[in-house]
Every structure is written in C-alpha cells, then in structure tokens.
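Have a look at the screen and I'll walk you through it.

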Amino acid sequence: MDDSYLHRMDVTAKIVCFFCVVVMVFLFNHPLPNLLLAAALLAAVLPARLRMKSVFGALKALIPVILLIIAITCFTAVPKNFRLPSSAQVLFTLLGAKATLGGLLQGLTFMLRIFIMVFVTSVFTICTPVDALLGFFNKIKASYVLSIVVATAISFVPTMMQKKEMIFQAQRARGAGVGGKGILGQLRAYVPIMIPLVTNSILMADHLSIAMTNRGYGANRGWTNLTETKMRPSDWLVSAGAIALTIGCILIRFVLRIGMI
C-alpha cells in the first residue's frame, strides 16, 4: 500500500524513530531484548501491508552468512569477557575448540541486529520519498551536497534491486546459469549479473550528474520545496514514544545492567 500510516508519517518522525532503533539495537548483547525489539517492529510495520517481498528476499539471501557468523561466534567468543557465569558454560567441543553458551547468545544477537537493521532500513526507503528527505535536509539547513548524496544513496537501493531482478530474468532467458545451489553456486550465478549491474549503475550516476547540472544544483545555497510538511500531533506522539523508549533502554542497560551476557 502506498497510502499507509507509515507513508503519511512526517519524515522528521521517521528519522527520529530510525535513529532510536539504531541506538536500541546496539545497547544489548543478549538476544532477548533484541528479539523483543524485532517483534515490536514487526507488530508496528506488518499491519501497513507494505510490499515486503524484496525485503524478505534480501534477508533470505543473508541466511548462509548469518549461520556462518553464529557458528564462528560460538567458538571464538572469549569466556572471560562474559558478565554472567552461566555464559561461560561449554556446550560442546569440536576439534579441540569449545562452543560456549555466551558465544551462541552473542551470535544470535548479531543475527537479530542484522535482521533489524535490514528490515528498518528497507521500510524507511519504501515509505519515504526522496522529495521528503530533501525537504528535511533543507529544513535543517544542511549542505546541498550532503542532501543529494544521502537522498541519492537511499533512492538507489530499491532502484538497483529492481535493476538486478530485470537483469536476472534477462540472463535466465538467455540461458545463463543463474540458478546455482549452495554458497559457491550462488556466487558463480552472480557473475553474469554483476557486470551489467555495475555498468547500469555507472550509466545511471552519469545521467543523474547531467540532470543535476542542467537543473542548476549548487547554484544557490538553498532551494524551495514543492510541498511543505509539518509534524502532526500523531507524529509528535510517535517521536516522543520512541525517544522515551530509547531512554528507558539506556537506563536498563547502564543503571540496572540488564541485557548483558
């Protein structure tokens, strides 16, 4: 849906919520608080019925990497760095290397952090038009160079994902081997996709620079916006709630010292 409550939310409130999530996801190294945060985000986003197929597709592609991170963390975590004595418990030994409970919990935390960051970033890019981002940067008097770089980088993410899918289908129609199995097979399958994808990205960047030059970007220190957005009471309420939740998590982490392995 292109007219959900997430689309109607003011860009300032979205940015506040985004940075609050970034702070909260790195406060704890125990998976339980991050699992609760992930569940809260899903409960807040899924009712909007966004087109999340590409998001979950990207998460699915990360599964081998995530499993590898968990396996490595199990054996490489240092028991003396754990705060809880139970975290140093040895689960099993493989070729002389000991897998600890704390290492497993830390690996699960990394997994949840990756999921939350990919999920939140994807939702933000889906629900936030580039014009709204440029208007926000203009409102805070940011440099036009910074504004264009950030807005272009964010807008390129869904564009490049669509380009990748188009190239994937075109290469499959030509009979290219793009259906490899396993990690090595998937890496080999991306070879016929990456070259045209990189070429397309260079051409898009070149066309964008020409268009910006023709439109006079940088000629003036400021610019006018097509539409002026204002924070509504609901936006203020959401922003205040996100900030209050972040402050509460900080107090839990550093005052009560909860959420550490």
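Before anything else, when I say that residues meet, touch or are in contact, I mean heavy atoms within 4.5 Å. What you see is a predicted model, where local features need pLDDT of at least 70 and side-chain atom pairs count only at pLDDT 80 or more, while totals for chains, interfaces and linings use all residues. Residues are numbered from 1 along each chain as its sequence is written, and side-chain values use heavy atoms, with hydrogens and water left out.

Overall layout, then. The protein has eleven helices and two strands, where helices are DSSP runs of H or I with at least four residues, strands are runs of E with at least two, and numbering starts at the N terminus. Reading from the N terminus, the order is α-α-α-α-α-β-β-α-α-α-α-α-α. Of the contacts between residues at least 6 apart in sequence, 75% join residues at least 24 apart. Of the 261 residues, 33% are buried, meaning under 20% relative accessible area; exposed is over 50%, and partly exposed is in between, with a 1.4 Å probe and protein chains only.

Let's zoom in on helix α2, residues 11-25. How does α2 sit against helix α7, residues 130-139? Their axes come within 9 Å and cross at roughly 85°, so α2 and α7 are roughly perpendicular. The axes are lines fitted to C-alpha atoms, for helices over the stretch in contact, and angles run from 0 to 180 degrees between N-to-C directions. For the wording, under 35 degrees is roughly parallel, over 145 roughly antiparallel, 65 to 115 roughly perpendicular, and the rest oblique. On the α2 side you have V11, T12 and I15, and they meet A132, L133, F136 and K139 in α7. By class, that contact has five nonpolar, one polar and one charged residues. Nonpolar here is Ala, Val, Leu, Ile, Met, Phe, Trp, Tyr, Cys and Pro; charged is Asp, Glu, Lys and Arg; the others, Gly among them, are polar.

Now the other partner: helix α11, residues 233-254. The axes of α2 and α11 also come within 9 Å, but here they cross at roughly 15°, so the two helices are roughly parallel. From α2, the residues involved are A13, V16, C17, C20, V23 and M24, and in α11 they meet D235, V238, S239, A242, I243, L245, T246 and C249. That contact of α2 with α11 counts eleven nonpolar, two polar and one charged residues.

Next, a few single residues. Is K230 buried or exposed? K230 is exposed, at 69% relative accessibility, and lies in the loop between α10 (191-214) and α11. Leaving out residues up to four places away in sequence, K230 touches D10 and D235. K230 and D10 are 220 residues apart along the chain, yet their C-alpha atoms are separated by 7.0 Å.

Over to S4, in the segment before α1 (5-8). S4 is buried, at 4% relative accessibility, and its side chain makes a polar contact of 2.8 Å with that of H7. A polar contact is a pair of N or O atoms within 3.5 Å; within protein, one must be able to donate a hydrogen and the other to accept it, and residues adjacent in sequence count only if both atoms are side-chain atoms.

Last one: S122, in helix α6, residues 101-127. S122 is also buried, at 18%, and its side chain reaches the backbone oxygen of V118 at 2.7 Å.
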